[in-house]
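Please study the structure shown below.

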Amino acid sequence: MSKPSVVIVGGGITALAAAFELSGGAAGPSEDSPRIEIIEAAATFGGPLQTTTFGDRLMDVGPDGFLVTRPEVVQLAKDLGLESELIPIAASGASILLKGKLHDLPTGLMLGVPTDRKQVDEMSGLSKKARKAAKKDWRSPRRLRVGDDISIGSILANKLGDELAYQLIEPMIGGIQAGRINELSAKSLFPALYNAARQGGSLMKNLASAMPEQRSNAPAFMSLRQGVGSLPHVLESILRERKVILRTNTPVTRIRAVAAGAYEWEVDTESTTTSANAVIMATPAGVTGSLTAMIDEALSKLQTVRTAATAMITFEFASASLQLPQHGTGVLVPLRTEWTGRGSLLTTAITFLDRKWTNLQRPESTVLRIHVGRSDDQRYAKYSDDELSDRILKELAYILGEAPTPLRTIVSRWTAGLPQYAVGHERLVSEARAVSEPLNLFLAGNSYDGVGIPASINSGRLTARQVLRAIS
Ligand SMILES: Cc1cc2nc3c(=O)[nH]c(=O)nc-3n(C[C@H](O)[C@H](O)[C@H](O)COP(=O)(O)OP(=O)(O)OC[C@H]3O[C@@H](n4cnc5c(N)ncnc54)[C@H](O)[C@@H]3O)c2cc1C
């Protein structure tokens with residue numbers, strides 16, 4: 001009897017992790033392992049996980065690290081024999097640009113949200129009104145009706161006031177998601193905040209009691225010595241050894257249910273058709289929604305999950321020519337921050353890359369990464385790479401006080417961007433899965449179960465286990 005066949009559409013980290021698990025995980029393939037085929041539209045696997053050379057540095061042009069308060073990346077690194085490649089983050093803390101000056105962010109915030117009114121009291125750059133709002137939440141908190149889901153912005157603005165919500169907290173949460181807190185789902189993206197608001201009473205006190213205990217020396221983030229991009233690279237070569245069929249430059253054009261016979265699905269590209277007992281859709285929700293729209297309305301609705309395109313401009317500067325804040329891994333910039341130029345700043349954050357990662361440190365030069373682009377701010381997209389670099393150098397001069405001529409520059413644009421989990425996201429996803437899973441059609445990836453590398457790996461591996469149960 002021929003082996004069952006599984007097709008994975010999309011070849012990002014979710015798909016690679018799913019194929020690794022389907023082909024036996026750490027133990028490797030067995031007689032029962034299915035035939036596995038990954039079909040990826042782009043020229044390479046791994047989506048934004050890409051490493052390149054930047055002078056004498058190996059530099060990630062996409063994600064540069066991952067959270068290790070979740071176990072998934074470390075576990076996968078162990079399974080791949082990459083444990084000795086893991087490097088901990090080398091610095092902590094950050095500054096924020098308020099009223100034209102840099103101010104240290106207090107420690108003990110949860111995703112940017114204060115968990116003690118003292119943090120607000122002691123921080124410079126905030127108004128008396130903001131301090132009063134924090135005091136009110138601490139002493140006589142506002143009531144807030146929280147239904148089945150609510151935006152992160154509604155919770156924060158109602159409980160802590162506009163200044164803390166939009167000036168202090170949005171730069172962190174909105175920055176990670178490249179979105180606006182007024183649109184993002186608290187239930188899906190920040191369950192601790194959602195639960196704290198539902199509990200009633202002081203938001204900050206509720207969050208403080210939900211704070212995970214920080215093991216004193218344990219780093220919260222890690223990276224890989226050869227770059228985060230080495231993760232898909234190593235996975236790809238292991239999957240090749242395991243005889244997984246790996247196809248790039250091949251967009252999937254159609255998914256068809258088969259009425260009768262040994263297989264449930266046929267997956268079409270421009271020139272091929274692959275039969276499958278199960279299909280894992282590891283593409284962005286918008287793509288998945290359009291490829292499966294004819295199957296059911298609930299799947300078609302996945303097309304409503306928008307993505308936010310972003311770009312990152314990385315500069316190498318001579319160390320001697322740059323004055324950075326003494327501490328921290330970077331600077332956050334609130335949206336619509338005015339400056340000496342026209343309009344507001346494009347910059348949403350600056351990362352001091354070589355403060356974070358020791359493998360990037362050189363005595364003679366420093367690497368800085370500037371982030372631009374949000375769901376509702378695509379102004380950067382009209383600039384060419386050279387124009388964008390020029391504009392960002394002027395913004396850097398305003399934010400840091402100076403910006404010397406860079407020794408090297410690289411601009412990376414992420415048009416597929418980050419999925420935006422709008423209010424009601426969880427329901428949208430569970431309705432789509434209720435239709436697809438009984439048909440052996442599975443939805444995996446960062447459009448559904450959390451944004452970020454750990455959540456994507458988890459989604460890929462869990463979905464693979466579900467598939468193995470379904471086809472056994
Ligand atoms: C700029 C940027 C910085 C980030 N920084 C971090 C970070 O520091 N830490 C962190 O943990 N996370 C970070 N993330 C998030 C993290 O990278 C993602 O959550 C994760 O990579 C998503 O993986 P995925 O496989 O689910 O999706 P993707 O990587 O998007 O994979 C989906 C794949 O589907 C393919 N595809 C699309 N259409 C078709 C089609 N018709 N047929 C076949 N294939 C198709 C695409 O080409 C793509 O390769 C960042 C993301 C971006 C964009």
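Q: Where is the place of Leu111?
A: Leu111 is in the loop between strand 8 (101–104) and helix 3 (117–122). Helices (H or I, at least four residues) and strands (E, at least two) are DSSP runs, numbered from the N terminus. Residue numbers start from 1 along each chain as its sequence is written. The model is predicted: local features need pLDDT of at least 70, side-chain atom pairs count only at pLDDT 80 or more, and totals for chains, interfaces and linings use all residues.

Q: Why is Leu111 called partly exposed?
A: A residue is buried if 20 or more other C-beta atoms, placed from the backbone, lie within 10 Å of its own, exposed if 12 or fewer, and partly exposed in between. Leu111 has 14 other C-beta atoms within 10 Å, and is therefore partly exposed.

Q: What makes Ala178 count as buried?
A: Ala178 has 24 C-beta neighbours inside 10 Å, so it counts as buried. Ala178 lies in the loop between helix 6 (162–177) and helix 7 (186–189). Its phi is positive, about 55°, although Ala178 is not a glycine.

Q: Which residues touch the most other members of the largest nonpolar core?
A: They are Ile152, Leu156, Leu164, Leu193 and Val331, in a core of 62 residues. A nonpolar core is a set of buried Ala, Val, Leu, Ile, Met, Phe, Trp, Tyr and Cys residues joined through C-beta atoms within 7 Å. Helix 6 gives the most to this core, with 7 residues.
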